Amino acid sequence: MSGAVERDRDTAGRPRNARPRDGLGRPLPHGAPGVPTTPDDLRLPPDEALAQAQRLLVEGHAFHAHEVLEGAWKAAPEPERELWRGLAQLAVGLTHARRGNATGAARLLRRAADRIEQYAANPPHDVAVTGLVTWSRALAARIEQNGLDGLSPDAFVARLR
């Protein structure tokens with residue numbers, strides 16, 4: 001392909017997230033100023049991952065919170081993997097909502113709630129499982145019924161703990 005830009009890759013050949021991104025995680029042209037992103041290989045302990053993801057959600061950076069939660073998902077022990085996967089999906093659902101994609105937002109918020117709900121009896125790391133499930137499903141229903149109009153940015157801030 002003539003003129004195609006090669007993706008940056010790590011030593012194992014996996015693509016890296018080298019393009020700058022805007023506050024909603026959309027890729028910007030190479031060289032454009034963007035919002036700092038999370039390193040592809042970031043792996044934080046659970047408490048730090050939850051704190052950082054919460055901060056990012058409050059700041060309106062759901063895409064970046066997703067990156068933190070995805071790193072935790074990839075590093076989680078098997079019994080917790082679906083919880084972290086659900087938390088990452090919740091952040092992706094919020095990203096879709098912030099970008100104006102009501103259908104994708106509602107779908108991912110419901111999928112996230114289904115995964116997170118599995119941990120209601122014994123929530124790891126003080127994750128607010130019941131509250132997140134209720135909140136995610138209510139927001140998904142609200143979006144499906146009325147779209148995204150009239151929702152303030154605060155409507156997209158989940159409380160992880």
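1. H125 is partly exposed, at a relative accessible area of 24%. Partly exposed lies between two classes: buried means under 20% relative accessible area and exposed means over 50%, with a 1.4 Å probe and protein chains only. H125 sits in the loop between α4 (102–117) and α5 (129–146). Its phi is near 60°, a positive value in a residue other than glycine. Most residues other than glycine have a negative phi.

2. A word on the source. This is a predicted model, in which local features need pLDDT of at least 70 and side-chain atom pairs count only at pLDDT 80 or more, while totals for chains, interfaces and linings use all residues. Residues are numbered from 1 along each chain as its sequence is written, and side-chain values use heavy atoms, with hydrogens and water left out.

3. D126 is found in the loop between α4 and α5. Phi of D126 is also near 60°, again positive in a residue other than glycine. Is D126 buried or exposed? D126 counts as exposed, at 62% relative accessibility.

4. Now the overall layout. The chain has 5 helices and 0 strands. Its elements run α-α-α-α-α from the N terminus on. Helices (H or I, at least four residues) and strands (E, at least two) are DSSP runs, numbered from the N terminus.

5. The chain has 161 residues, and 42% of them count as buried. It exposes about 8800 Å², with carbon and sulfur atoms supplying 50% of that area. Accessible areas come from the Shrake-Rupley method with a 1.4 Å probe; for residues, only the protein chains shown count as cover.

6. Consider contacts along the chain. Contact means heavy atoms within 4.5 Å. Among contacts between residues at least 6 apart in sequence, 58% join residues at least 24 apart.

7. Next, helix α4. It has 16 residues and reaches 22 Å from its first C-alpha to its last, close to the 22 Å expected at 1.5 Å a residue. The expected span is 1.5 Å times one less than the number of residues. The buried residues of α4 include G104, A105, L108, L109, A112 and I116. An α-helix has 3.6 residues a turn, so residues three or four places apart point the same way. Which helices do the buried residues of α4 pack against? They pack against α3 (81–99) and α5.

8. The largest nonpolar core has 38 residues. Such a core is a set of buried Ala, Val, Leu, Ile, Met, Phe, Trp, Tyr and Cys residues joined through side-chain atoms within 4.5 Å. The residues with the most contacts inside this core are W84, L87, L90, L94, I116, I143 and L160. α1 (46–58), α2 (62–75), α3, α4 and α5 each supply at least two of its residues. The largest share, 8 residues, comes from α3.

9. Leaving aside neighbours within four places in sequence, I116 is in contact with L83, G86, L87, L90, V129 and V133.

10. H61 lies in the loop between α1 and α2. H61 counts as buried, because its relative accessibility is 18%. Beyond its neighbours within four places in sequence, H61 is in contact with G23, V35 and L56.

11. Last, E70 in helix α2. E70 is partly exposed, with a relative accessible area of 24%. E70 and L42 are 28 residues apart along the chain, and their C-alpha atoms are separated by 9.2 Å.
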